[in-house]
Amino acid sequence: MARTFVAQLDASGHQVPVRACLYEPEPPMWLFPSVGEYPLYDDFAYGKMLDDQARMARYAEAVRRYAPGRTVLDIGTGRDAVWALAAARAGASRVWAVEVIPESAATAREVIAAAGFADRITVVQGLSTEIDLPEPVDVCVSEIIGTLAGSEGAAAVLADARQRLVKPGGVFIPHRGVTTVVGFDLGRASAEPPGFPLFTFKYLEQMFAAVGGPFDPRVCLVGLQDRPEVQRRAYLSEAAEVEPLEFNGELCLGGVDAAEFVCTRAGRLHGLALGVRLWVAEGDEPLDSLVQASSWTPVYAPLSATGLPVRPGDRFTFEFSTALSDDGVHPDYALTGSLCRDVGPPVPLRWSSAHHRQGFRTDPFYRSLFPAA
Ligand SMILES: C[S@@+](CC[C@H](N)C(=O)[O-])C[C@H]1O[C@@H](n2cnc3c(N)ncnc32)[C@H](O)[C@@H]1O
């Protein structure tokens, strides 16, 4: 049985009550804040990505396919310079590895030198949107996909790269991404409301510091991906796709997608689980974070505290809007929809999640997660 309790989070000198859960023994489901968009990367996060075998295999294969004999830009090379090194090993003629976090860029430089590739890979510390290269490259590889396809700014960052840093007709890895949406029964996934393990508090504190105070963060559901039996109980529909990102085609920086899902099983619709489908190279099967073990974890979007009863055939039609926040990179998301059941009038439902202008304790889910002092 998981134990949840209220603990105090010390965010920028303010005590913030937060529903916590004990990690030992591991609870069936727990929450992790979506950190990549702030951008908070440490050894734990980089390690999780290296352990994601499906992601690693698809990227490695794509790099081997496109890098030989070409010039390559690796945006967000990270601590391990993993795709810059893969490109050099595959025979890229020249590689630029760009990384915004100074400590990660410094470690990447050391890793590259130790591997004997310092003559072919140049590490540039900074934002890709603020650096220049001596000449445009043939291939751009990046893994700045968030828990939602565009939440780490892939659309704006890669549109800029295409305009300034990559040759016309150059190849982008990954090829395409979308955000996926399913109806979600939280009660069937977790007997009691999931909380944050204590070790996640440091990330909440850093996120609150990054935006200047507490806010309702996107929360990821940990403990779903490796439990198909829980998915079968808690996912109430097939996945709808929104936020299409065509990295080798027409790349939209925002817009409104009309979509719907039809419930395939009876349950209570408490909210939505949102994930990522990623086609790393053209012709690949996509990686799918809602149903596969993955370093991208599903995001929970609360809609109804008590859960609305649904039956097979009930339909949720919605508009999903993506608009760049005022930092020009990270999107704000909003969803408005209508649940049509075989009895009663349609029920309007909405969810929003801004990058850094989000309110605090804005709905019952977040008021329960961050109880008033
Ligand atoms: C998801 S990690 C990927 C790390 C590594 N490339 C991998 O695939 O394992 C994303 C990295 O990109 C960096 N990053 C994100 N946007 C960036 C940008 N526009 N310019 C440079 N670095 C960026 C982050 O700091 C982080 O280290």
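Is F360 buried, exposed or partly exposed? Select F360 and show the surface: this is a predicted model, and F360 is partly exposed in it, with a relative accessible area of 25%, a value that lies between the 20% limit for buried and the 50% limit for exposed.

A search of the whole structure finds 21 aromatic pairs, and one of them joins F208 and F360 edge-to-face, with 6.4 Å from centre to centre and 70° between the planes. Colour the chain by secondary structure, and you will see F208 in helix α7 (residues 201-211) and F360 in the loop between β21 (347-353) and α9 (364-369), so the pair ties together parts that are 152 residues apart in sequence. F208 counts as buried, at 0% relative accessibility.

To widen the view, select Y38, F196, F208, F215, F360 and F370 together, which ring pairs link into a cluster.

Next, move on to another pair of rings. Select F261 and F316, whose ring centres are 5.3 Å apart and whose planes meet at 45°, so the pair is tilted. This pair, too, links distant parts of the chain, because F261 belongs to strand β13 (residues 255-262) and F316 to strand β19 (residues 315-324), 55 residues apart. F261 is buried, with a relative accessible area of 3%, and F316 counts as buried at 0% relative accessibility.

Select R94 and W96, where the charged end of R94 sits over the ring of W96, 5.4 Å from its centre; then select R176, which lies over the face of W279 at 4.8 Å from the ring centre.

Finally, step back and colour the domains. The chain is divided into domain 1 (4-37 + 177-356) and domain 2 (45-145), and their C-alpha centres lie 29 Å apart. Domain 1 gives 14 residues to the contact, and domain 2 gives 12 residues. About 1100 Å² is buried between domain 1 and domain 2, with carbon and sulfur atoms giving 65% of that area. On the domain 1 side, select V280, S295 and W296, which lose the most area to domain 2 and together make up 41% of what that side buries.

How many salt bridges does the rule find across the interface of domain 1 and domain 2? The rule finds one. As a last stop, select D284 and R65, which form a salt bridge in which the closest N and O atoms are 3.8 Å apart.

Technical notes
Residues numbered from 1 in each chain as written. Predicted model: local features only at pLDDT ≥ 70, side-chain atom pairs only at ≥ 80, totals over all residues. Heavy atoms only, no water. Phe/Tyr/Trp six-rings, centres within 6.5 Å; stacked < 30°, edge-to-face > 60°. Helix = DSSP H or I, 4+ residues; strand = E, 2+ residues; numbered from the N terminus. Buried < 20%, exposed > 50% of the residue type's maximum accessible area, 1.4 Å probe, protein only. Lys NZ or Arg CZ within 6 Å of the ring centre and 35° of its normal. Domains from an automatic or database assignment. Contact = heavy atoms within 4.5 Å. Buried area = accessible area lost by both parts, 1.4 Å probe. Salt bridge = Lys/Arg side-chain N within 4 Å of Asp/Glu carboxyl O.
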